[in-house]
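Dear colleague,

I am handing over the structure below for you to look at alongside this note.

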Amino acid sequence: MSLKESEAVVIKSYNLSEADRIIVFFTREYGVVRGVAKGAKRLQSRFGSALEPFSTVNLTFFQKEERELVSIQQVELTKSRFQIASDPA
């Protein structure tokens, strides 16, 4: 059980429940990380737009041993690629 930090790229996200989302990140140190962002779908979410695909973020997460999903504590947006992701060409 430890708190870990890493720079990551958001790959994609899935709906988990009424207010939560599962986010898939790629990090250099830990590879592909799947985690739960609690309350990410709420209007007053602490994550804001940092969980958009292809965004570069500083990720802080809590990982328990033998668990597939981590608990995302904090996401700080470093670089947004919203314009590139929104253009299908």
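**What was found**

G35 has its place in strand β3, where strands (E, at least two residues) and helices (H or I, at least four residues) are DSSP runs numbered from the N terminus. Please keep in mind that this is a predicted model, in which local features need pLDDT of at least 70 and side-chain atom pairs count only at pLDDT 80 or more, while totals for chains, interfaces and linings use all residues. Residues are numbered from 1 along each chain as its sequence is written, and side-chain values use heavy atoms, with hydrogens and water left out.

At 0% relative accessibility G35 counts as buried, the classes being buried under 20% relative accessible area, exposed over 50% and partly exposed in between, with a 1.4 Å probe and protein chains only. Leaving aside neighbours within four places in sequence, G35 is in contact (heavy atoms within 4.5 Å) with R21, I22, I23, L69, V70 and I72.

F47 counts as buried at 4% relative accessibility, whereas R46, at 58%, counts as exposed. Not counting residues up to four places away in sequence, F47 touches A37, K38, A40, I72, Q73 and V75, while R46 touches K38, I72 and Q73. In C-alpha terms, F47 and L77 are 8.9 Å apart in space and 30 residues apart in sequence, and R46 and E76, 30 residues apart along the chain, are separated by 9.9 Å.

F54 is partly exposed, with a relative accessible area of 46%, and F54 and K12, which are 42 residues apart in sequence, are 8.0 Å apart from C-alpha to C-alpha. The backbone at F54 also deserves a look, with a positive phi of about 70 degrees although F54 is not a glycine. E66, in the loop between β4 and β5, likewise has a positive phi, of about 60 degrees, and is not a glycine; at 84% relative accessibility, E66 counts as exposed. For context, most residues other than glycine have a negative phi.

On aromatic pairs, the rule takes rings of Phe, Tyr and Trp (its six-membered ring) whose centres lie within 6.5 Å, and calls planes under 30 degrees apart stacked, over 60 edge-to-face and the rest tilted. By this rule the count comes to one aromatic pair. The pair is edge-to-face because the rings of Y30 and F61 have their centres 5.6 Å apart and their planes at 85 degrees. Since Y30 lies in the loop between β2 (21-27) and β3 (31-37) and F61 in strand β4 (residues 56-63), the pair ties together parts that are 31 residues apart in sequence. Y30 is partly exposed at 37% relative accessibility, whereas F61 is buried, with a relative accessible area of 1%.

The largest pocket has a volume of about 150 Å³. A pocket here is an open set of points, on a 1 Å grid over the protein atoms alone, where a 1.4 Å probe fits, with protein on both sides within 12 Å along at least five of seven lines, and lining residues have an atom within 4 Å of a point. The volume is the space filled by probe spheres set on the points, which are joined across faces, edges and corners. The lining consists of V36, K38, F62, Q63, K64, R67, L69, V70 and S71, and β4 and β5 (70-79) each supply at least two of its residues. By type, the lining divides into four nonpolar, two polar and three charged residues, where Ala, Val, Leu, Ile, Met, Phe, Trp, Tyr, Cys and Pro count as nonpolar, Asp, Glu, Lys and Arg as charged, and the others, Gly among them, as polar.

For the protein as a whole, there are one helix and five strands, in the order β-β-β-β-β-α along the sequence. Buried residues make up 33% of the 89 residues, and of the contacts between residues at least 6 apart in sequence, 46% join residues at least 24 apart. The protein exposes about 6200 Å², of which carbon and sulfur atoms supply 48%, the areas coming from the Shrake-Rupley method with a 1.4 Å probe.

With best regards
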